[in-house]
Amino acid sequence: SSGINAEYGGGSPELRQRGTLESERTMDSWKNSLMVNPVMLTTDMILEPISTFVEFADPNKKNAAYEGLKELLRGSFEKVANEEAAEEMKKQKHEQAMAEVQRQRAAAAEQARLHAEEIAARQERDRKEAAYREEKRKQEQEEKKKK
């Protein structure tokens, strides 16, 4: 036994088994199935440009690695300066998510209120219609009695 505990999700369920890790062909099939059935990461992560690690090996190559990465990915990168900034970003994302949840709840409550009003209006209309029919039936009976 290798002592490796591999648990993974996403992709085709029938390919999520130990044998997948042992067969390159099966592993490729599972990777391709991720396009159809992906799995979302549940961990907050911060990306670090590779140039940060290049600097440890050769400080003179840090800028070249950073510029190469920018060119390759056609973008620039902001490094999160410290843990506080990362926590603030996380807090803001949480607040935005909570605000969205509140907005969705308010929209659902408004929809429910409108639906309840529609039902109440329909019931009132049906009640009035039934009362009108009953009144008309009584009038017809009265007219029959008079004849």
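The protein chain exposes about 13,300 Å² in this predicted model, and carbon and sulfur atoms supply 53% of that area. Buried residues make up 11% of the 147 residues in the chain.

As for the fold, the secondary structure comes to 5 helices and 0 strands. Read from the N terminus, the elements go α-α-α-α-α. Now take the contacts between residues at least 6 apart in sequence: 22% of them join residues at least 24 apart.

Helix α2 covers residues 24-33, and Met-27, Trp-30 and Ser-33 are its buried residues. Why do they end up on the same side of α2? They cover an arc of only 120 degrees around the axis, and that puts them on the same side of the helix. What lies over them? The cover on the buried residues of α2 includes α1 (18-22). Turn to the face of α2 that points away from the buried side and you find the exposed residues Glu-24 and Arg-25.

**A nonpolar patch on the surface**

Some nonpolar side chains sit out on the surface too. Ile-50, Phe-53 and Phe-56 form a nonpolar patch there, with about 370 Å² of accessible area together. One of the three, Phe-56, has its place in helix α3 (residues 50-57). Is Phe-56 buried or exposed? Its relative accessibility is 67%, and because the cut-off for exposed is over 50%, Phe-56 counts as exposed.

**Salt bridges**

Side chains of opposite charge can pair when their charged atoms come close. In this model the count comes to 10 salt bridges. Here are three of them, with the N to O distance for each.

| Pair | N to O distance |
|---|---|
| Arg-113 and Glu-117 | 2.3 Å |
| Arg-127 and Glu-124 | 2.5 Å |
| Asp-58 and Lys-61 | 4.0 Å |

Let's start with Arg-113 and Glu-117. Both lie in helix α5 (residues 83-146), 4 residues apart, which is about one turn of the helix. How accessible are the two partners? Arg-113 is partly exposed, with a relative accessible area of 37%, and Glu-117 is partly exposed as well, at 42%.

Arg-127 is partly exposed, with a relative accessible area of 46%. Glu-124, with a relative accessibility of 32%, also counts as partly exposed.

That leaves Asp-58 and Lys-61, whose closest N and O atoms are 4.0 Å apart. How does Asp-58 come to be classed as partly exposed? Its relative accessible area is 24%, and since buried means under 20% and exposed means over 50%, a value in between is partly exposed.

Helix α2 has Met-27, Trp-30 and Ser-33 buried, with Glu-24 and Arg-25 exposed on the face turned away from them. Ile-50, Phe-53 and Phe-56 make up a nonpolar patch on the surface.

How values were computed
Residues are numbered from 1 along each chain as its sequence is written. This is a predicted model: local features need pLDDT of at least 70, side-chain atom pairs count only at pLDDT 80 or more; totals for chains, interfaces and linings use all residues. Side-chain values use heavy atoms; hydrogens and water are left out. Buried means under 20% relative accessible area, exposed over 50%, partly exposed in between (1.4 Å probe, protein chains only). Helices (H or I, at least four residues) and strands (E, at least two) are DSSP runs, numbered from the N terminus. Patches are made of residues with over 30% relative accessible area and no salt bridge: like charges are joined within 9 Å, nonpolar side chains (Val, Leu, Ile, Met, Phe, Trp, Tyr) within 5 Å. Accessible areas come from the Shrake-Rupley method with a 1.4 Å probe; for residues, only the protein chains shown count as cover. Contact means heavy atoms within 4.5 Å. The arc is that of the directions from the helix axis to the C-beta atoms.
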